[in-house]
Amino acid sequence: MDTLLSGQLLFAALVSGSLYALIALGLNLVYGTLRLLNIAHGDLVMIGAYTAFWLFTLLSIPPVVSFFVAAALCALLGWAVYEGMFRRLLANPGLAKRVEANSLILFYGISVILQNLTALAFTSSSRGYQYLDTVITWQGVSMTGNRLLSLGVAGGICIAALLFLRFHLFGWELRAVIQRREAAQIVGVNLNRVQPIIICAGFAIAGIAGVLVSMTEQITPFMGFPFTIIAFVVIIIGGLGNIGAGVLAGLSLGLIETYGVALTSPGYRSILIYGLFVAVLLIRPEGIFTKAVRS
Amino acid sequence: MKALDIIFGLALAIGGLLVPLSGDAYLMGLVFQLAMWIALAQSWSMLSSTTGYLSLGHAVFYGIGAYVCVLLTGVVPFGVALAAGAAASAVFAGLIGLPVLRVQGPYFVILTYGLAELVRNVVMRIESALGSFGRMIFMVPSFEVLVWCMVALGILATLGAAAVRHSALGAGLAAIRENEVAAETVGVPVARLKLLAFVASATIPGAVGGLALLRTGYFEPAQAFDPVISFTIVTMALVGGTETVRGPVLGALGFTLLSEALWSSLPQLYMIVLGLTLIAFILFVPRGLSGLADRALGRG
Amino acid sequence: MAFLDVRGVSKRFGGLMALNNVDMSVEKGEIFGLMGANGAGKTTLFSVIAGHVAPTTGEVHFNGRRITGLSPSRICRAGICRTFQIVRPFAGLSVEENVRVAAIYGSGRGRSRASRDTLVNEALESVGLTRQRAGLAGGLTLSGQKRLEIARALATGADLVMLDEVMAGLNPTEIGEMLETLAELRRSRGITFVIVEHVIGALMTLSDRILVLHHGERIAFGTPEEIGRNKHVEEVYFG
């Protein structure tokens, strides 16, 4: 019982919660603007993690720099996916209908390709590195520097995104697209401009999250899918386009997971996450997003 | 074209049934794989090609069949264990079908994936709680028998898929795919038909899982429920083409041969090719290999 | 009891009363018109009768049997079929396949293959789609798809067909043809129709009796002549 009430557990929950919120933010942006469910989102986290790992071990470049490299790399990937696959198809209404139905399978194809390319290049063995792992104790709570950095970066980006959406003109355009795609077009929002920017931003955010993960956890080419699932749970609970609620949902999931595992055993972590995912989809199937938009 | 299909199908079936007589282990392995993927892709098509509800979690039925089979092998005769595996998958599909099939479009796709992963993790948990880290299977029938059984399942699944397509059930499922509300309005009992198709598409994979497991002689939940199985099924069926019964056969044929060339030496490369082909076909060849065959033979 | 009997049906969507205590009795073999401005509750009433929407209160009886709460497919098999104002063709299937599904699963279930064929052919013939039967439904013009909606409803073998604005978007010639088709169907097959129509002329010509809804409430009922003379209807409907 003591451990449950300790600041230690709360800190752990905040670290993973902020990370989940960040990953879900990227997915939410892409789904909100393109209406495509990106099942490969977690694999971008993996790409970010590998970027940080290699830059650190080969070139001794610290993660604080890798953020920018990973973000740029993933944004480039997003641009390639958009230009190569979805642009023409989204522009053509007849094809768009079919592609929307198949988009998940398409992204799954991308996911399989990314995972296996990585495995082919760097083998499937898990890797890790030590960075800022000295323990700082404050008010009886032991924290490592890398976890503090992770919390700070993830929290900072989430808050910055919220402020941007609320106060910047482009943020307004974006919210308009997320909430009323057709109407936004009528009042002059240029989807051809908004969509590529958002897919790049969403992918870049996943890449940054990957750098954060790599600082504290072992990485493998197949680490991505659980993150995709977590991000889905978060945006389903929080609601589409509801970026603020999504951030809250991410934090809550971190709490649920950390305390759930503390109360049972780490072996139940996957069951908890997948169980939650299935339950959420069954209880509020597909109406979730549309409902969230209408209200 | 129809006559050609039947000749082609008969040749495959007879060839498959004759191969074990040759005693050639390599050929038998090839036929076993081919029949397995045909059985799985055809089963998948009974639900997903007909209704458009794309299942990305068919590994769960394969895995459940394998699990039940491993628990029963040695306790009951081999045939009974297989039948129990198929029955278990069917019952599982029947139990989860109604709520799961209320979820539509991309949400259904990802839900089936999540469900399969959930079951995989639960079984892994149960096995490790029982202190079992993989089970060896003894008293396996000869490989010849396994090949015959698998070919029989491939034939059965193909006939089943053809029967579904050309029946009243198939007409109702097609209506559901095109417009669920309109289908309901003209009297199609949508929920019941979807459930029926779901159970039908789950049954044979249960037996396939059991057979595949008996061949390897070793059960490990992470492998029996491997999501790669689901992905391969979807790829084969979509690349083969969803509009005909011929499609899954062509898809399975193509990728089984490709896998022979690549899987043992470069499994990752095989998966990459799988992914690239899937994307290319969805974007540029929506009617699949089957559609290409039609065009090559001057039809469609 | 009337053939179709709607008793005290209300439907509330959140704070909006889409239908408020509506009664309606349709006799066998008549053409019954439903009139009302946009948002008067006509389509909601169709949806309640066809089982797509559960009423908040009230009951619907058909052919002496209570059908409230049944699924749309059960109601269809009981003998009621509706069309949709916004057409819902099975776009990827052929025109004939569209109609055949209805013949297989409608109240014509259990018929022999031959009598099913007859049902399909008659339905296609009566709306004039016989020549396009092999083409994809998605390739039909709007007018063609509206007629396909009717053909599908007919092929279910329904005794009561509810038509939701099947004439909207048709030109005068096509409206004329449609009027003839419906009158002929009633004569030859004794089908009962409930129709919602914005084309008031057509409604007046075709209907035996008309019910007028306004903001979900029943405000007038009678023969077309009576409705035409009704001051209240004139006020709310023609402004």
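**Entry 1. Chain C as a whole**

I began with chain C and counted its secondary structure: this chain holds 9 helices and 10 strands. I then checked its overall size, and I note that the model is a predicted one. The radius of gyration of chain C is 17 Å, close to the 18 Å that the globule rule gives for 239 residues, so chain C is as compact as a globular protein of that length. Taken along the principal axes, the box filled by the C-alpha atoms of chain C is roughly 50 × 40 × 35 Å.

I next looked up burial and contacts in chain C. Of its 239 residues, 48% count as buried. I also considered contacts between residues at least 6 apart in sequence; in chain C, 66% of these join residues at least 24 apart.

**Entry 2. A pair of helices in chain C**

I recorded how two helices of chain C are arranged. Two packed helices are described by the angle between their axes and the distance between the axes. For helix α3 (residues 95–105) and helix α4 (residues 113–127) of chain C, the axes come within 9 Å and cross at roughly 130 degrees. That angle makes α3(C) oblique to α4(C). I noted the crossing of α3(C) and α4(C) as right-handed.

I then listed the residues through which the two helices meet. From α3(C) they are E96(C), V99(C), R100(C), A103(C) and I104(C), and from α4(C) they are R116(C), L119(C), V120(C), A123(C) and L124(C).

**Entry 3. Which chains touch**

I asked which pair of chains has the most contacts. Among the 2 pairs of chains that touch, the answer is chains A and B. Chain A and chain C are joined by no contact, and their closest C-alpha atoms lie 12 Å apart.

For chains C and B, the contact takes 21 residues from chain C and 16 residues from chain B. On the side of chain C that touches chain B, α2 (72–78), β6 (80–82) and α3 each supply at least two residues. Here α3(C) gives the largest share, 5 residues.

I looked for the residues that touch the most other members of the largest nonpolar core. Among its 280 residues, these are I23(A), C74(A) and V234(A). Helix α2 (residues 7–34) of chain A gives the most to this core, with 16 residues.

Leaving aside residues up to four places away in sequence, V234(A) touches Y20(A), A21(A), A24(A), G246(A), A249(A), G250(A) and L253(A).

I then turned to V247(A), which is found in helix α11 (residues 243–263) of chain A. Is V247(A) buried or exposed? I recorded V247(A) as buried, because 26 other C-beta atoms lie within 10 Å and 20 or more are enough for that label. The C-alpha atoms of V247(A) and A24(A) are separated by 7.8 Å, although the two residues are 223 residues apart along the chain. Not counting residues up to four places away in sequence, V247(A) touches A21(A), L25(A), C158(A) and L162(A).

**Entry 4. Leucine 17 of chain B**

I located L17(B) in helix α1 (residues 2–22) of chain B. L17(B) counts as partly exposed, because its C-beta neighbours inside 10 Å number 16. Its contacts, not counting residues up to four places away in sequence, are with W148(B) and V151(B). L17(B) and V151(B) are 134 residues apart along the chain, and their C-alpha atoms are separated by 6.6 Å.

**Entry 5. Helices of chain B**

I examined helix α2 (residues 25–51) and helix α6 (residues 143–165) of chain B, whose axes come within 8 Å and cross at roughly 25 degrees. That makes α2(B) roughly parallel to α6(B). The crossing of α2(B) and α6(B) is left-handed.

Lastly, I looked up helix α14 (residues 288–296) of chain B, whose buried residues are G288(B), L289(B), S290(B) and A293(B). What covers them includes α11 (227–240), α12 (246–262) and α13 (267–284) of chain B. After α14(B) comes G298(B), and I noted that its phi is positive, near 80 degrees.

Note on methods
Residues numbered from 1 in each chain as written. Chains lettered and ligands numbered in written order. Predicted model: local features only at pLDDT ≥ 70, side-chain atom pairs only at ≥ 80, totals over all residues. Helix = DSSP H or I, 4+ residues; strand = E, 2+ residues; numbered from the N terminus. Buried ≥ 20, exposed ≤ 12 C-beta atoms within 10 Å, placed from the backbone. Contact = placed C-beta atoms within 7 Å. Core = buried A, V, L, I, M, F, W, Y, C linked by C-beta atoms within 7 Å. Rg over C-alpha atoms; globule rule 2.2 N^0.38 Å. Axes fitted to C-alpha atoms, helices over the stretch in contact; angles between N-to-C directions. Parallel < 35°, antiparallel > 145°, perpendicular 65-115°, else oblique. Left-handed = near helix turned anticlockwise from the far one by under 90°.
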